[in-house]
Every structure is written in structure tokens, then in C-alpha cells.
Amino acid sequence: AGVCEEKKKLLFFCTGSDRSPIKGLGSMTFVISRNGPDSDRLPTAHTCFNHLLLPEYRDVDKLRKCLMTAINNAEGFGLM
């Protein structure tokens, strides 16, 4: 997937919509919080609050791998 498609998936994962607000992304409050120590848990999000929760992964490669797994499997009732 291209960078634009990945950005849309991340936006959907964090907000529940792959579209920007009418007033633009600058009008949106977006929060990223720590969610515990490094682990194999995937990132989670509170879509009603535009809040992304990330464990403190040991390196950027693990962060990217876990985040991509989460955003690519964000629909339905569980990972496949």
C-alpha cells in the first residue's frame, strides 16, 4: 500500500473515519499516549476521542510492525 493509503488507514484506526473533518485535520484534537512497557501487544485506539495508545516499543521497527498490523486489521471483531 502507498503512503497515502497507509495514512488513511491510520486515520480510520484512530478516529473511525478515513476522511478528514470538514474544517481540516488542523481542527481535530489528536492524542498519542503511552500504554505500558514494551510487549507484543498491538496499539489500541479510542476512536470517539481520537486517542492512540502505544506500548513503549523497544525500537521504531517494532513500532512500525505492530502499528501496521493493527491498522491493517482494524475492522471486524478480531484479528485474522
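Guide: A residue is called buried under 20% relative accessible area, exposed over 50%, and partly exposed in between (1.4 Å probe, protein chains only). This is a predicted model, in which local features need pLDDT of at least 70, side-chain atom pairs count only at pLDDT 80 or more, and totals for chains, interfaces and linings use all residues. Residues are numbered from 1 along each chain as its sequence is written, and side-chain values use heavy atoms, with hydrogens and water left out.

Visitor: Which residues of α2 are buried?

Guide: Helices (H or I, at least four residues) and strands (E, at least two) are DSSP runs, numbered from the N terminus. In α2, Lys 62, Cys 66, Leu 67, Met 68, Ala 70 and Ile 71 are buried. They pack against α1 and β3, where contact means heavy atoms within 4.5 Å.

Visitor: What is the strand order of the open sheet?

Guide: Strands of a sheet pair through backbone hydrogen bonds, either parallel or antiparallel. Two strands count as paired if DSSP finds at least two bridges between them. Here the three strands run in the order β1-β3-β2, with mixed pairing. Because β1 (31–34) and β2 (44–46) each have a single partner strand, they stand at the edges, and one side of each lacks a neighbour in the sheet.

Visitor: How many bridges join β2 and β3?

Guide: Three bridges pair β2 with β3 (residues 51–54) in the antiparallel sense. Thr 44 has Leu 53 in β3 as its bridge partner.
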